[in-house]
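This report describes a protein chain, moving from a pair of charged residues to the helices, the core and the overall fold. The sequence and the structure come next.

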Amino acid sequence: MDASGFITLMGSVSATLKNPPFQSLVTDGSISQGELDGTRSDLAAVYATLNKTPRDKIEAMVAQFNEQLMGHLDKIVDGWGSDTLGAFQQAQILAGYVTTIMAKSGLRE
């Protein structure tokens, strides 16, 4: 994956969490509204930061952490249609992981 692909995927994950199936997790009591809103906010902040960051810095980060990033992204995509709660939980993990590696790579909000 390259920087552009990573930014696109992070934008997709962020946007997907706004879809009704994820809101239904709140309605059915699987998660709280605060938990959903917080994860949405975290991923939106990551996406915004990536869009403001020079591509070469993102390329270096992606090159170093590509395998782990793709592992998380694959789990999210796999769960979108069949395991909404699992996909949401993976999105939470991804948000934390990406925030951590962005900090280690010197990328800040």
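Aspartate 37 has a relative accessibility of 35% and therefore counts as partly exposed, in a model that is predicted. Its partner is arginine 40, with which aspartate 37 forms a salt bridge whose closest N and O atoms are 3.8 Å apart. Arginine 40, at 17% relative accessibility, counts as buried, because buried means under 20% relative accessible area. The two residues are three apart in helix 3, so about one helical turn separates aspartate 37 from arginine 40. By the rule applied here, the count for the model comes to one salt bridge.

**Helices and overall form**

The protein chain has five helices and zero strands, and from the N terminus on its elements run α-α-α-α-α. The radius of gyration of the protein chain is 14 Å, close to the 13 Å that the globule rule gives for 109 residues, so the chain is as compact as a globular protein of that length. Taken along the principal axes, the C-alpha atoms fill a box of roughly 45 × 25 × 20 Å. Buried residues make up 40% of the 109 residues, and of the contacts with a separation of 6 or more, 75% are accounted for by residues 24 or more positions apart.

**Helix 1 and its cap**

Aspartate 2 caps the N-terminal end of helix 1, with a side-chain oxygen lying 3.4 Å from the backbone nitrogen of serine 4. Within helix 1, the buried residues are Ala3, Phe6, Ile7, Met10, Gly11, Val13, Ser14 and Thr16.

In soluble globular proteins, nonpolar side chains tend to be buried together. The largest nonpolar core in this model has 31 residues, and those with the most contacts inside it are Phe6, Met10, Leu50 and Leu69. At least two residues of this core come from each of helix 1 (3-16), helix 2 (20-27), helix 3 (33-52), helix 4 (55-79) and helix 5 (84-104), while helix 5 gives the most, with nine residues. When residues up to four places away in sequence are not counted, leucine 69 touches Met1, Phe6, Val62, Leu94, Tyr97, Val98 and Ile101.

**Helix 5 and its glycines**

Among the buried residues of helix 5 are Phe88, Leu94, Tyr97, Val98 and Ile101, and the list also includes Thr84, Gly86 and Gln90. Glycine 86 has its place in helix 5 and, at 14% relative accessibility, counts as buried. From C-alpha to C-alpha, glycine 86 and lysine 75 are 8.3 Å apart in space, although eleven residues apart in sequence. Glycine 106 follows helix 5, and its phi is positive, near 85 degrees.

Note on methods: Residues are numbered from 1 along each chain as its sequence is written. This is a predicted model: local features need pLDDT of at least 70, side-chain atom pairs count only at pLDDT 80 or more; totals for chains, interfaces and linings use all residues. Side-chain values use heavy atoms; hydrogens and water are left out. A nonpolar core is a set of buried Ala, Val, Leu, Ile, Met, Phe, Trp, Tyr and Cys residues joined through side-chain atoms within 4.5 Å. Buried means under 20% relative accessible area, exposed over 50%, partly exposed in between (1.4 Å probe, protein chains only). Helices (H or I, at least four residues) and strands (E, at least two) are DSSP runs, numbered from the N terminus. Contact means heavy atoms within 4.5 Å. A salt bridge is a side-chain nitrogen of Lys or Arg within 4 Å of a carboxyl oxygen of Asp or Glu. A polar contact is a pair of N or O atoms within 3.5 Å; within protein, one must be able to donate a hydrogen and the other to accept it, and residues adjacent in sequence count only if both atoms are side-chain atoms. The radius of gyration is taken over C-alpha atoms; the globule rule is 2.2 Å times the number of residues to the power 0.38.
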